[in-house]
Amino acid sequence: MKTVAVVATEKKYARFLRENTEKYLGRYAEFTDYSIREVEQKKGISEDFVLISAFNIFQQVRSLVTEHTEIIVLSLSLNKKQMEKLKSIPKGTRALLVNYDDRSCLHTITSMYDAGFRDVELYSYCGYEDYDHSIELAITPNEEQLVPPGIKHVINLGESSVDVRSLYEIADKLGVYDEFSTREAIEARKEYFYISASVDRLLGEKETMLSRMRALVKLMKEGIVVTDILGKIYLTNEKANQLMSFRTKVLEGFNIEDVLPEAGPGTEGEHIIQADRATLVTSSVPVKSGDEVTGYIITISDFEERERAQHVIRSQLAGGHHKARYHFSDIIGESRRMRQVVEQAERMVNSGSSVLITGESGTGKELFAQSIHNASYRRFRSFVAVNCAAIPDSLLESEMFGYEEGSFTGARKGGKAGYFEIAHGGTIFLDEIGEMPLQLQAKLLRVIEERRVIRVGSDKEIDIDVRIISATNRDLHEMVEEGTFREDLYYRLNVLPLNLPPLREHPEDIPELVEHYVRKFGGSFTFSDDAMSRLMGYGWKGNYRELRNVIEYLSNQRKDIIRREDLNMLRMESSKKALSWKNVENTALDTGIFEKFTINEGADLVLYREILRVLLDFCDQGIRPGRMPLGVELNTQGIPVTQGELRHYLRILAQYGFVKTGRGRAGSMITPDGEKVLRELTKIL
């Protein structure tokens, strides 16, 4: 036979509850009653079930029960004999309902109303507050010591008894549900009012509404707790039990304010709970029948799980493209210089500080940025790469920070999340940061300082947690001196500097890189010693990108051995030395500048020639083109160049005085010196 222990603070009340329960279930189990003191003295409870009526008792016995003991929380209500004492009260009488706290007062009042006793106007009284002294009657469930002295008449209802719902639950645990339903339960129903007639109608049904609710709640990914109007928990799912296990392994039967005061009845909005190993978010929503609140639904979720779910949604909204593919293991190069750079980057992984990667074009800045992200704790979140030079200035702000519906002509319906929102929890990579307009630099600084963004067309701030990695091939310090880059932003971005060496400074890595690119393009050719020496001695102004293009070109030649003469595409390295001021016509062009230009920019002279030629064509038409139409024309003529590359080349030409570039929409134009350089390049190349 199963054993059942009934535990209460005092022995007398424990005996009362035991007798009350044993009256109906005594022939199915062996019942024993204990006070808290007795439980502590015997140092444990070995019975199969423990019946308790309050959360404070649970806290005292939870460590004293065996792992095989199941705790059942009792529901209490008034019986019909107790209610008989109220029948003589005249209708419209005003009375105090006296109990030890507000919650107990409300519970008793609700029990009386559910039993149909609604003709007396009741006021809660807990023994200390003031009251209307014209009231002469007090009603109390065995708390006469709290009745104020001025009250003339007192009706003591006595202790609340175990209600029918608890009796059914205990019978079910004992495995005698069906038999109990047909025998003892009939007697119990004769004696007790049931708390809820709607629940009462469900008893005895094979598939009750409660079981359907349990099945539905079980499917919910969030923790769900359902309470009645008083806050008493009568339904939970496994997720809620799991999340709340740090406070209690038993939820049903307790009042929500005992186990989860942050989300009790009347609380609004979301609340944060710091658990042992997690941060929980709770919210409470009232359940209404018409205009009347009948209960509450409390949701409990793990903050990290919510963040991961939001990350998935943001990625899907953004097309799912914001992922980092590269790792430190993908970085090729065993030279001392490259190992030093990789080790320096690896030390930056676990910091949340901003990283500024500098180096010439084609040195692998994004490769390092992705590797840092993928080695950090943010690797499971988005890696959002933004090329600040490729997005038109007019669109850069809305793309970076998002916008609201109707904020400008052509704005997407429903608005759009910006790159910073998409990168929340992860990393945003701002490539070519030196090309960002000054007015946008100020807004970026604000985002870094406050960790919040405001969408275009909105005044609502959105909290973000993003690590910023920036990259540039420009000298930002020099730009600060020139006033074209904000000094305060520079220092916020340059917390962890990482400078990548150009390929010509570690040529010993070229054979390994060549082998990698040959495999990548499916080639099977090898290089003669002379050819490899040629590759290792070349200047590689385009660094890895240029080397990759050369190998891709050679892969299409279908040769088994690549010899020195097969590397004609590298002729600029030798021709640039022959190209000097002696070959230039006798003009006013500064021969020193021209010679410096041809030596420093020799690898790209053909491209510079084409840019100058197209600019001259536009100039002949009286047009000063911006980068967009200039890039379109170059691409139309079979000269592929990105907006970022074009910005870089125009800046170089402007530094030598061959091109004048205006701000904003002013466009670019070729100078007289630029025309002379174009003539010389056309003759020689």
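Reply: Let us begin with a definition: a residue counts as buried when its relative accessible area is under 20%, and as exposed when that area is over 50%. Please also keep in mind that the model above is predicted.

Me: Is Arg558 buried or exposed by that rule?

Reply: Its relative accessibility is 76%, and because the cut-off for exposed is over 50%, Arg558 counts as exposed. Arg558 sits in the loop between helix 23 and strand 24 (561-562).

Me: Where does Trp540 lie, and is Trp540 buried or exposed?

Reply: Trp540 belongs to the loop between helix 22 (529-537) and helix 23 (543-555). Its relative accessibility is 0%, so Trp540 counts as buried.

Me: Which loop holds Asn99, and is Asn99 buried or exposed?

Reply: Asn99 is found in the loop between strand 6 (94-98) and helix 5 (102-114), and because its relative accessibility is 5%, Asn99 counts as buried. The C-alpha atoms of Asn99 and Thr140 are separated by 6.2 Å, although these residues are 41 residues apart along the chain.

Me: Let us turn to helices. What span should helix 1 have?

Reply: The reasoning takes 1.5 Å a residue, so that helix 1, with its 15 residues (residues 11-25), should span 21 Å; the C-alpha atoms at its ends are 20 Å apart, which agrees.

Me: Which residues of helix 1 are buried?

Reply: They are Ala14, Leu17, Arg18, Asn20, Thr21, Tyr24 and Leu25. If you look down the axis of helix 1, these buried residues fall within an arc of 160°, so they line one face of the helix. On the face turned away from that buried side, helix 1 carries the exposed residues Lys12 and Lys23.

Me: How do helix 26 and helix 27 pack?

Reply: Helix 26 (residues 605-620) packs against helix 27 (residues 627-636) at an angle of about 115°, and their axes are 10 Å apart. Because angles from 65 to 115 count as roughly perpendicular, helix 26 is roughly perpendicular to helix 27. The crossing in which helix 26 passes helix 27 is right-handed.

Me: How many bridges join strand 17 to strand 18?

Reply: Five bridges join strand 17 to strand 18 (residues 427-431), and the two run parallel; Val386, for example, has Leu430 of strand 18 as its bridge partner. Strand 18 also pairs in the parallel sense with strand 21 (residues 467-472), over four bridges, where Ile428 has Ile468 of strand 21 as its bridge partner.

Me: Which way do the residues of strand 18 point?

Reply: As a general idea, the side chains of a regular strand alternate between the two faces of the sheet. In strand 18, Thr427, Phe429 and Asp431 point one way, while Ile428 and Leu430 point the other way. Five of the five residues of strand 18 are buried, so this strand is largely enclosed by the rest of the structure.

Me: What is the order of the open sheet that four strands form?

Reply: The order there is 2-1-3-4, again with parallel pairing. Its edge strands are strand 2 (29-35) and strand 4 (70-73), each of which pairs on one side only, and the twist from one strand to the next averages 25°. Seven bridges join strand 1 (residues 2-8) to strand 2, which run parallel, and Ala5 stands opposite Thr32 in strand 2.

Methods:
Residues numbered from 1 in each chain as written. Predicted model: local features only at pLDDT ≥ 70, side-chain atom pairs only at ≥ 80, totals over all residues. Heavy atoms only, no water. Expected span 1.5 Å × (residues − 1). Buried < 20%, exposed > 50% of the residue type's maximum accessible area, 1.4 Å probe, protein only. Arc of directions from axis to C-beta. Pairing = 2+ DSSP bridges. Axes fitted to C-alpha atoms, helices over the stretch in contact; angles between N-to-C directions. Parallel < 35°, antiparallel > 145°, perpendicular 65-115°, else oblique. Left-handed = near helix turned anticlockwise from the far one by under 90°.
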